[in-house]
Amino acid sequence: MEQYKQEFIEFMVDCNVLKFGDFVTKSGRKTPFFVNTGFYRTGGQLCRLGEYYAKAISSAYGFDFDVLFGPAYKGIPLSVAATMAIHSLYGKDIKYCSNRKEVKDHGDKGILLGSPIADGDKVVIIEDVTTAGTSIGETLPIIKAQGDVNVLGLVVSVDRMERGQGQKSALSEIEEKYGIKTTAIVTMAEVVEHLYNRPYKGKVIIDDTLKAAIDAYYKQYGVQ
């Protein structure tokens, strides 16, 4: 596993973004782990988060694209942080863009924030964690309405590696349904591999009991 992935897993633990316990996901699944990106709360944390996204984007797509699109609301700071990191780490100037939830009818009119999207633009979408595809279904029409654009892919921070609407993983379903490439900074398999029975700051985060709960969760909701 690449060094930046290991660092990112520990970074999520430090920021209290990656939590273990008893949770219920938006889709109603009872889960022993939860990823809440709302806990990235400082400039320093966003700076580092942007760098991890930049490395994942570099690895998956290179920088042969024009616009990084972050859907409102969580995607707005992600697109800003990642494009800044891409510039500082790689010297590439990628435009950032997000949508408003409501169309503005005065001043800077329209539904977009940041850079406009033009005919011929190549776009990568940035989000927090793997969705069941509902968010992408709302985001793509907004992007496509801007002109003849090519949506290359979707990058998320964590691939939860569980089924979406059918038997395949949510990211695989998105790839098949929309014809775009998906990638994540880390997968939950990498998180478990890195933290299982390995002390971090004097504490074992995933012990045998928690590992058994995670395994049971994947037996029920994992990809067949």
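Begin by selecting Arg 160, which is found in the loop between β7 (150-159) and α5 (170-178); helices (H or I, at least four residues) and strands (E, at least two) are DSSP runs, numbered from the N terminus. This is a predicted model, in which local features need pLDDT of at least 70 and side-chain atom pairs count only at pLDDT 80 or more, while totals for chains, interfaces and linings use all residues. Residues are numbered from 1 along each chain as its sequence is written, and side-chain values use heavy atoms, with hydrogens and water left out.

With a relative accessible area of 8%, Arg 160 is buried, where buried means under 20% relative accessible area, exposed over 50%, and partly exposed in between (1.4 Å probe, protein chains only). The UniProt record, an unreviewed entry, lists Thr 131 and Arg 160 under "binding site"; such positions are given in the numbering used here, feature names are shortened, and annotations may be inferred rather than shown by experiment.

Glu 162 is buried, as is Arg 160, and salt bridges that share partners join Arg 29, Arg 160 and Glu 162 into one network.

Next, select α5, in which Ala 170, Leu 171, Glu 173 and Ile 174 are buried. Seen down the axis of α5, the buried residues fall within an arc of 160 degrees, so they line one face of the helix; the arc is that of the directions from the helix axis to the C-beta atoms. Their cover includes α4, β7 and β8 (181-187), and contact here means heavy atoms within 4.5 Å.

Which residue forms a salt bridge with Asp 128? Select Lys 74, whose closest N and O atoms to Asp 128 are 3.5 Å apart. The pair links distant parts of the chain, with Lys 74 in the loop between β3 (67-70) and α3 (75-90) and Asp 128 in the loop between β6 and α4, 54 residues apart. Lys 74 counts as partly exposed at 45% relative accessibility, whereas Asp 128 is buried, with a relative accessible area of 14%.

Finish with Lys 95 and Asp 121, whose side chains meet in a salt bridge (3.8 Å, N to O). Lys 95 lies in strand β4 (residues 95-104) and Asp 121 in the loop between β5 (110-114) and β6.

Terms used
A salt bridge is a side-chain nitrogen of Lys or Arg within 4 Å of a carboxyl oxygen of Asp or Glu.
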